[in-house]
Amino acid sequence: MKIRLKLYGTLPAHYPGLYPDSGLIVDISENTTVADLVERVKLPQEHVAIVAINGMLAKAEDVLPEGAEIKFFQPLNGG
Amino acid sequence: MQFLRVNMSTESVQWENVAEEYAILGGRALTSIMINNEVPATAAPLGEENKLIFAPGYFTGTSLINTGRLSVGAKSPLTGGIKESNVGGTVAYSLARLGIKAVIIEGKAAAGKYFCLNIEAENRATLISADALKGMRTYALTKKLQEQYGDRKSITCIGPAGDLQLLSASIQSTDLDGRPCRAAGRGGLGAVMGAKGLKALIVDRQGKTPIEIADQDRFQKASSAYAKAVRADEFSGQILPEFGTAVLVEPINAAGAFPTKNARSGQFAGIDKISGETMARVIRERGGKTQHKGCSQCIIDCSNEFVTEKGDYVTSSLEYETIWAMGGMIGNDNLDAIARLDFLCDDIGLDTMNTGVALAVAFDAGYASFGDADAAIRLVEEAAAGTEMGRIIGNGPGAVGKHFHHDRIPTVKGQGMAAYDPRAIQGMAVTYATTPMGADHTAGWVVDKNLEAFGGTVNALEAAGQVEISRNTQIHMAAVDTAGICDFAQSGLATAEGIENVFTMMSAKSGQAFGQNDWTELGQRVIKAELAFNKMAGLTREDDRLPPMFYNEPLPPHNVVVKVSAAEMDSTFNFLRNDS
C-alpha cells in the first residue's frame with residue numbers, strides 16, 4: 001500500500017530534490033505506524049516532532065491508513 | 001544607570017538615580033513593579049495619573065545576543081489591568097547604551113499640545129513641540145524625523161490610532177533599517193502614549209555608556225556559550241532564518257488549533273496559500289528577503305521583507321500571529337492582502353492581532369463575508385480616518401461585539417486571543433485566562449508540550465497537567481521578559497547547561513549569587529505585583545475565565561470544548577495572591 005509523505009520547514013533540505021511539493025509516494029506494509037515511517041525514511045528522530053495523518057495530529061503508535069497524506073513537522077518554538 | 005522621568009503636564013524632564021530596589025530589575029519586572037508601586041490602580045488609563053514606562057531588559061546593552069527587547073508598561077485602557085508589551089528593533093539597546101534604565105512618562109500634556117521626546121547622549125533629553133505631527137502615519141513620521149535628526153536615531157512612536165487613543169493602538173519602533181515595523185502591539189499602550197501627548201521618542205543610537213558588569217570575564221564566557229547554543233539549535237539556527245515564525249502555520253492547523261473564521265473551526269481550508277513554506281517561496285520568487293535582521297544584537301534573523309510581484313517593499317516582518325489574525329481568523333487566504341494589512345497596521349499604529357480579531361467579530365456578525373479582504377483593508381483605513389465604524393474596529397473585538405450585539409467575542413479581559421485555539425491546545429486556555437495580561441500567547445506558550453513528541457507530553461485536548469505547565473511557563477517567561485531575552489533565543493536556555501549560563505550571567509552582572517530559585521522567585525515576584533495591581537484595579541477571579549463560546553461550542557475537527565474548570569484556573573496563581 002502507498003502513502004504520500006510531505007515534509008515541512010527545513011526538513012526537505014535534508015533530502016535535496018527528493019521531496020516534491022506534492023509529496024513523496026512511499027510504499028509501506030500494512031500496520032506501519034508513525035514511528036515506523038520516521039525510522040523508514042531515516043530522518044533523525046529529534047528532527048520530527050509533530051506528525052499529521054490526513055490533516056489530524058497523530059501519535060507515534062498510530063497506524064497509517066492506505067492512501068493517507070502524512071505530514072512531518074519539526075520542533076517548534078514560541079509564536 | 002539612570003531613570004529619565006518626563007512630566008508631560010509640566011513639560012519637564014528629570015534624571016534620577018536608580019533606587020536600590022530596582023537595581024537588579026529590568027524589562028517587565030521594572031515596568032510592572034514600578035507601575036504597581038507608583039500608579040493608583042483605580043487611575044483612568046488615559047488620564048493624568050497613569051504612567052507609561054519604557055524599560056530595556058536587564059541584559060540589554062551587554063554583549064549577550066538577542067537582548068534588544070524593550071518592555072513598555074502602563075495600566076491598559078483595553079484590559080483595565082496592568083500591561084507589559086515588549087518590542088525589538090533598536091530602541092532598547094540604544095537606551096541602555098545611553099545609560100538609561102527606564103524612561104517614565106507621567107502626567108498629560110495640556111489640551112492641544114503634542115510632543116516628541118528627544119533623548120541624546122550625556123543626559124540630554126528635551127520635549128520638542130510636535131503639534132504638526134499629530135495624525136501622521138508611522139512610516140512618513142519616521143522618515144521625516146530621520147531627515148530632521150539624522151538616520152542614527154531609533155524612533156518609537158504612535159500612528160493615527162494612538163493619536164485617536166483607540167484601544168488597539170500599538171507603539172511602533174524602528175528596526176535596523178529605520179522602518180517602524182516592530183510593534184509593542186498589545187494592550188492599547190499606543191492610546192496611553194497618545195493620551196500623554198507624546199508622538200515619538202527619538203533616541204540616539206550612538207551611546208557608548210558601558211554597562212556595569214561585576215565580573216566581565218565570567219559574563220563573557222557564559223554569553224559566548226549562550227550564543228553558541230542558539231546558533232546550534234535547529235529552530236533558532238535554521239528554521240527561523242528561513243521561514244520566520246510563519247513556520248507555525250501548517251503544524252498548528254494540522255493540530256486543529258488554527259482559529260478560523262472567528263474561531264468557528266480549528267482548521268482553515270486555504271492554509272497552504274498562507275503557510276510559512278508558501279510565504280518563503282513567494283518572497284524568494286519575487287526577490288524579497290526571507291532572512292532579515294530586525295533587531296540590535298540579533299543573530300537569528302527571523303524577520304523577512306515581503307515584496308510585491310514587481311519586487312517593491314510591502315512590509316517587514318510578516319509573522320505567524322499576523323498571518324493568522326489577518327488570514328485564517330477572517331477567512332482570508334490572500335497572502336498579498338495579509339501583507340498589505342500588516343503594513344497598514346504598522347503604519348496606522350494598530351495591533352494586528354486585536355484588529356484581526358475585531359474584524360473577525362464584525363464579519364461573524366454579518367458586516368461582511370469571511371474572506372472579504374477588501375472590506376478588511378477598508379475598515380483598517382477607516383480606523384486611521386477616525387470614522388465611527390473605524391473607531392469601533394480600532395477599539396477592538398469587545399467594541400465590535402457591543403456594536404453588533406454579537407456574543408462570539410474571543411477575548412479575555414477585553415484583549416483578543418492569539419493564534420492557538422484554547423479548545424485544541426488546552427494549556428493555552430490556562431495561559432489566556434490566568435495571565436494578568438489578558439489573552440496573550442507569549443505570557444505562557446505551552447504549544448510545544450501539547451503537540452511535540454508525536455502528540456504532546458500532555459494531552460492537548462484534556463485539562464490534566466495543563467495548569468502546571470502553564471504556571472511554570474508563565475513564571476519562567478516573566479523572568480525571561482525581565483532579562484530582556486528574545487523569545488526566539490530561548491533555545492539558548494532550553495537545556496540545563498543553557499539556563500545555567502543565564503544564571504551565571506545574572507550573577508556576573510549583579511555581583512550576587514543567582515540560581516534556579518532566584519530565577520523562579522523573580523518570575524513570581526513580577527506576576528505577584530501584576531496580580532496585586534489587577535486586584536486593586538477591580539479585576540476578580542471571574543475575569544480569569546474564557547468567554548462562553550470556548551466552553552459551549554465544540555471546535556471542529558476535534559469537536560472539543562475547554563475542559564479546564566474554574567477551580568483549576570484559580571489554582572494557577574492562588575499562591576501568589578494576597579488574599580489566599
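The legends below describe close-up views of a predicted model.

**View 1. Ser470(B) in its helix.** Ser470(B) is part of helix H19 of chain B, which covers residues 466-483. Its relative accessibility is 0%, so Ser470(B) counts as buried, the cut-off for that word being under 20%. Apart from neighbours within four places in sequence, the contacts of Ser470(B) are Gly427(B), Val430(B), Thr431(B) and Val446(B).

**View 2. The largest cavity.** Searching the whole structure gives 5 cavities of 30 Å³ or more. The largest of these cavities has a volume of about 890 Å³. Its lining is made up of 49 residues, and those closest to its centre are Arg69(B), Asn86(B), Ala183(B), Glu319(B) and Thr442(B).

**View 3. What lines the largest cavity.** Among the elements of chain B that each give at least two residues to this lining are strand S5 (82-87), strand S11 (182-184) and helix H11 (320-325). Helix H12 (335-348), helix H13 (352-364) and H19 of chain B also supply at least two residues each. S5(B) provides the largest share, 5 residues. By type, the lining of the largest cavity has 16 nonpolar, 18 polar and 15 charged residues.

**View 4. The second largest cavity.** The space in the second largest cavity comes to about 90 Å³. Around it are 13 lining residues, and Asn534(B), Leu539(B), Thr540(B), Asp544(B) and Arg577(B) lie nearest its centre. Helix H21 of chain B (residues 516-536) contributes the largest share of the lining of this second largest cavity, 3 residues. The lining of the second largest cavity consists of 3 nonpolar, 4 polar and 6 charged residues.

Methods:
Residues numbered from 1 in each chain as written. Chains lettered and ligands numbered in written order. Predicted model: local features only at pLDDT ≥ 70, side-chain atom pairs only at ≥ 80, totals over all residues. Heavy atoms only, no water. Helix = DSSP H or I, 4+ residues; strand = E, 2+ residues; numbered from the N terminus. Buried < 20%, exposed > 50% of the residue type's maximum accessible area, 1.4 Å probe, protein only. Contact = heavy atoms within 4.5 Å. 1 Å grid on protein atoms, 1.4 Å probe; cavity = no way out; pocket = protein on both sides within 12 Å on 5 of 7 lines; lining within 4 Å. Points joined across faces, edges and corners; volume = space filled by probe spheres on them. Nonpolar A, V, L, I, M, F, W, Y, C, P; charged D, E, K, R; others polar.
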